[in-house]
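Okay, hi everyone, thanks for coming.

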Amino acid sequence: MKTRSRLQNLTRAALFLAVAFVLPFLTGQIPEIGAMLCPLHIPVLLCGFICGAPWGLAVGFAAPLLRSLTLGMPPMFPTAVCMAAELAAYGAVAGLMHRLLPRKKPYIYLSLLTAMLVGRLVWGAAMLLCLGIQGNPFTWTAFLAGAVTNAIPAILLQLVLIPVLVMLWETKFQRWSENA
């Protein structure tokens, strides 16, 4: 039974990675909208909630780096590198919090908010480090703009969409996949 569960998580994680690879094509036609909606965040957060922390971390780390290597977007340094750290934190924290807390609606929101906060702080630390290596400053204003102000539409979308999909998964699809 444990082997089946691992295989299911591997398959689901691969699916989330594929969605993370493709989803930016839907929003990327208008770069300003794509940047505001943060499309890579959604499959990574879902992977953390559904597959667990290690899978969320792996998909979050791999997604921006694979897109950068194969498509050139986002640019590898510093953008994809910093996004890899950020998204790895999202997936890991979402999965860890969801495993540790009760499976009730308020705790799904708490897990999501914690993952979003930690991920943004990790992104800020990564940007500070990467830009520091280049000899460029990363100011508090730049952090607030990149992590909060410019991301408000994405934050709202994630707060609406992710909990609904997680609850739907846990009530409908999880039972279905266990019976299959």
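Before we start, one term: a crossing of two helices is called left-handed if the near helix is turned anticlockwise from the far one by less than a right angle, and right-handed if it is turned clockwise. Also, keep in mind that this is a predicted model.

So, let's begin with helix α1, residues 2-27, and helix α4, residues 53-71. Their axes are 10 Å apart, and the packing angle is about 40°. That angle makes α1 oblique to α4. And which hand does the crossing of α1 and α4 have? It's right-handed. If you want to find the contact on screen, look on the α1 side for residues including L10, F16, L17 and F21, and on the α4 side for ones including W55, V59, L66 and L71. Sorted by class, the residues of this α1 and α4 contact come out as 14 nonpolar, 2 polar and 2 charged.

Now keep α1 in view and turn to α3. The axes of α1 and α3 come within 9 Å, crossing at roughly 170°. These two are therefore roughly antiparallel to each other. On α1, the contact uses N9, R12, A13, F16, V19, A20 and L23, and they meet P43, L46, C47, I50 and C51 of α3. Here the classes are 10 nonpolar, 1 polar and 1 charged.

How buried is α3? Well, 11 of its 11 residues are buried, so α3 is largely enclosed by the rest of the structure. That run goes from H41 and I42 through to I50 and C51.

Next, the inside. In soluble globular proteins, nonpolar side chains tend to be buried together. Here, the largest nonpolar core has 29 residues, and F16, L45, F49 and I162 have the most contacts inside it. Six helices, α1, α3, α4, α5, α6 and α8, each supply at least two residues of this core. Which one gives the most? That's α3, with 8 residues.

Let's zoom in on F49. Leaving out residues up to four places away in sequence, F49 touches A94, G95, H98, I108, S111, L112, I162 and V166.

Okay, that's my tour. Over to you!

Note on methods: Residues numbered from 1 in each chain as written. Predicted model: local features only at pLDDT ≥ 70, side-chain atom pairs only at ≥ 80, totals over all residues. Heavy atoms only, no water. Axes fitted to C-alpha atoms, helices over the stretch in contact; angles between N-to-C directions. Helix = DSSP H or I, 4+ residues; strand = E, 2+ residues; numbered from the N terminus. Parallel < 35°, antiparallel > 145°, perpendicular 65-115°, else oblique. Contact = heavy atoms within 4.5 Å. Nonpolar A, V, L, I, M, F, W, Y, C, P; charged D, E, K, R; others polar. Core = buried A, V, L, I, M, F, W, Y, C linked by side-chain atoms within 4.5 Å. Buried < 20%, exposed > 50% of the residue type's maximum accessible area, 1.4 Å probe, protein only.
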